[in-house]
Structures are given as C-alpha cells and as structure tokens.
Amino acid sequence: MKVAVGKLARAALAWIRGSRALRLAVILAAIDLLLGWGFSWMSGSRGLVSPGGSVRADVAVLGAAYILARIAARFAVPALVAGAIAAALTERVARSIGRARRSNA
Amino acid sequence: MTGRAWVRLCACACALLVTRIATPAWCGQDAHRWFDGDPALSGKLAEGLIAFEATDDRVRAAPSSDRFSGEWALVTHQMIALGLAQLALAHPEQRERLAPEITRAALKSFRPEMRGFGTRAWGGEDAMASLGGPHGHAYLSYAALAIGMARVLDPAFPRDVAVLHDALIAAYERRLLASLTGLIETYPGEAYPTDCAAVAGAIAVHGRATGKDHSRVLARWAALVRKTQIDPASGLVVQRMDAWSGKAHDAPRGSGTALGAYFAGFADRSVAGELAAGLFRHEATLWGFGAIREYAPGHQGVGDVDSGPVLLGVSVSATGFALAPARAHGYRDAFERLYRTTDLFGAPETSDGSLHFLSGGPIGNAMLLAMLTSGPELAP
C-alpha cells in the first residue's frame, strides 16, 4: 500500500512538473495560501480599518493583493486542473484512435 | 482542425465547465447552512464578536488615544447587539447566555462619544439633551433599536437607561407624527429614508419591549414610505431627501434600500417585503455569483461612505445588506448567489473556534452577523 501511494505521488509530481498548467495552478494556490496567512496575521481581528474608521494603508495593500489572489485561485485553479486532465485524456484518446487507424490501414 | 487543436478545444471547454460548477460551489459551500440558520455557524461568528466586545472593554478601561468610537463604532456595537438578539430569538435556549452580551453591546452604542459625529453636525446640540426640540437626530435610532432589542430580551436591562430610551422613543414618535413625508432629519437639512426606517424599527421594538401601542405612528410611516420615499420606476428608495418637502437630494439606490428593508422589517413586514422585491429587481448575476446594482437605471455614481466602492455598477454595501432581506423574506436563490460573492471577497476564516471574515474587520463582521441571521426580528 505504502509503495503504491509513493508511486502515485511520484507520478503526480512528474505530471505536475511536465504540465505548465498544473505548475501554474500550484503556484496560484501557494500564493493564495501565503497571502491569506499573511493577511490573517497582519489584520488580526481588526480588518482593513482602524478603530477610528480610517483605512490602514499597509493592511489594505496586502488585503487587496490577497483578495486578487483569492479570486484568481478560486477561478483559475479548478480551470487549470480540469484543463490539464482533459488535455491529457484527450491526447491519450487521440493517440489510441491514431494507432487504431494506422493498424487498420 | 488538427488533432492538437481538438485537444486544446476540449481542454478549454472542460476548464470552463468545471469552473462554472466548482467555483460557485466552493464559494457557496456554507450558503445553505446560513440560510437554514445552522447555529454552529452563526455561533462561531457570534463568539468572535463577543470576544471583540470583551477586548474593547479592556481597551476602554485602559488610558488610550485610539478608542473605538464614532459613527463606525456606533454601527458596530448596534449590529453586534442586533445579530446576537436575532440569534437569541431563533434559539431561545441561548437567550440567557446571550442577553448580557446584547445589553453590553447595545449600551456601548448609546454612549455619548459614539454619537459625537451627530452632535458636531448639529453645531454641538446633543440628541439626548434636545429631546423636546424639532431636530430629528435620526442617526441615534440605530442605538435606540439596539437598546430596544436588549430590553426585549434582557430582564436585567438597567432601569436608568430604559428611562432615557423611553424619552428618546417618545421624541421620535412626536417628530415622525409631525412629518408630512415620513422623514425626520439625520443632519441639518438632510433626511435618509434608511435612518427613518431605523426610527420606525426602534419605535416598533420599543412597543414590543414595553407593551406601549405605537400602531398609529407606524401605520402613518408605512403609508408615507410608499407615497414619498419609494421610487415607483425602480422600486428603490431615494438615498437622501429633504425632510420637509420630500425632494430628492440623491438617486434611488441599492445600499439604502437594502439596509432600509432590514430596518423596516422590525416595524412593518409588508413594507420590508416591498423594499426587498424592489431590491432584487436590481440583482446582477454572473456564473452563480450575485451582487446588487447601486444606482437605479438612469443614475450613476462612484459610490460614497454609504455604498462603499461601486465597481461595474454594483456596490459592496448593497450586496452585503441584501443578505438580510433575502434571508428574512425567503429569496433562497438570491441569498446563495449573494453569499458566494460575500465569501469570495470577505474571505471567511475559522480559528480558535470562532469565525470571522478577514476583510471585514469588526464593523464588517458585526454587519454580517446581523444580515446573515436576519428573520426572527421581523414584525408579526
């Protein structure tokens, strides 16, 4: 079982390394996580505004960056992963169809 | 078309399809639970805000130049009190535990330093020191509404503050009965239908707390809202008006209508329902996400302190406030779409057993607690 999981993980890593879309998805997810952690740490429970109601510039810049990364991750990560899987499957199907045609010919 | 082009086309189609399904599902995973009133979820948000009030007490007790006060603080404490009160009404078993917390937040919203912005706007005239006068001071209705809900739910509510609350409500009732437009001023020369909905809500809740009959003033206010404050073409209320003539000083707008629908619900369920129906005619939707357009057709602007930034015609405040009428009046689909947008931009995070929306801060989280739990407060 351990060997199978290891093999699967190595195959997945190799697939990610070989696919530009998957590499981008991983990078986006990592940026989202990192900025989320940083924003959470910096803003604490106070959010973007000071007790007086004025915007705290440093937290606001990080917050804006985090929200942009969050939107990118929420939309792009599923798209990139689904696109990469679909491309791999379609390529495989196209290859097998090509092989079948050649052997028929 | 080459084989490679087919592969790309197929990958793009799958990517679009999966994003259309997965992203709204990801962002809306808690929408059903909020709509159905899952106490585990609302309890976590409430705990975060109760902790905020405890921290605020400690800061208030210490010498500090950066105390939480003014308009934003008034609204924060008011919304915490209203949100907790709605939870106590929805889950009566929590009432005993929440009642002191509701009173604590409501009392803070009623402190003189919280209404300093209004006192300054009226040239130094304090709302509570001029109850016999003609000036509206409608901004203080936000605190009056919170105090009213605390009186409904907390049998130990302090008697001295209840007396002040009685006097404020009597002044509001007299001013509203004297108004030909159903409006009383917030600031000199300026009346906000949203604030007047809060005045009506505060009067109604006072009736629930004390048994006093306010039906005459509430019926008159409801009739005048329909006659003078709702724009018949759009169904939205005008954001800012002249209190005496009822002349519009601003456009019919989503943020005022959404918050007005929430406040009106405390006073008159049918007026609130009409405002909600008008509001949801202005929902913009895209890929399962929803947002409320700020300006009625034919009007435009970049937004202000009421609406927050207006991007692509939709506003942050209108979208957030609209969660309350969506839940209270049973617009489940609209609620889910609005919640997905709230989740995407609000970034909810759970830590140490409490939930908070990262980009909201205290005021955003307080408002979301009140909006996401709206319903039990509706007038019968």
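Helices (H or I, at least four residues) and strands (E, at least two) are DSSP runs, numbered from the N terminus. Counted in this way, chain A has 3 helices and 0 strands, and its elements follow one another as α-α-α from the N terminus on. The model is predicted. It scores ipTM 0.81 and pTM 0.91. For chain B the average pLDDT is 93, and 98% of the residues score at least 70.

Of the 105 residues in chain A, 25% are buried. Among the contacts in chain A with a separation of 6 or more, 63% are between residues 24 or more positions apart.

Between the chains, 27 residues of chain A are in contact with 33 residues of chain B. On the side of chain A that touches chain B, α2 (20-43) and α3 (57-104) of chain A each supply at least two residues. The largest share, 15 residues, comes from α3(A). Sorted by class, this side of chain A has 13 nonpolar, 10 polar and 4 charged residues.

**Two hairpins in chain B**

Strands β1 (residues 283-286) and β2 (residues 289-292) of chain B run antiparallel and are joined by 4 bridges. Glu283(B) has Ile292(B) in β2(B) as its bridge partner. The two strands β1(B) and β2(B) form a hairpin with 2 residues between them, and Trp287(B) in the turn has a positive phi of about 55°.

Strand β5 (residues 348-351) of chain B is likewise joined to β6(B) by 4 bridges, and these strands run antiparallel. Here Glu349(B) stands opposite His356(B) in β6(B). The hairpin of β5(B) and β6(B) has 2 residues between the strands, and Asp352(B) takes a positive phi near 50°.

| Helix | Residues | Number of residues | Span between end C-alpha atoms | Expected span |
|---|---|---|---|---|
| α3(B) | 39-61 | 23 residues | 32 Å | 33 Å |

For α3(B), the span is close to the expected one.

Helix α15(B) is mostly covered, with 12 of its 15 residues buried. Among them are Phe335(B), Leu338(B), Tyr339(B) and Phe345(B), together with Glu336(B), Arg337(B), Arg340(B) and Asp343(B). After α15(B) comes Ala347(B), with a positive phi near 55°.

**The largest nonpolar core**

In soluble globular proteins, nonpolar side chains tend to be buried together. Which residues of the largest nonpolar core touch the most other members? They are Ala81(B), Ile102(B), Ala146(B) and Met149(B), out of the 135 residues in this core. Apart from its neighbours within four places in sequence, Ala146(B) is in contact with Gln78(B), Ala81(B), Leu82(B), Ala105(B), Ala106(B) and Ser109(B).

Methods. Residues numbered from 1 in each chain as written. Chains lettered and ligands numbered in written order. Predicted model: local features only at pLDDT ≥ 70, side-chain atom pairs only at ≥ 80, totals over all residues. Contact = placed C-beta atoms within 7 Å. Nonpolar A, V, L, I, M, F, W, Y, C, P; charged D, E, K, R; others polar. Pairing = 2+ DSSP bridges. Expected span 1.5 Å × (residues − 1). pLDDT = per-residue confidence, 0-100. Buried ≥ 20, exposed ≤ 12 C-beta atoms within 10 Å, placed from the backbone. Core = buried A, V, L, I, M, F, W, Y, C linked by C-beta atoms within 7 Å.
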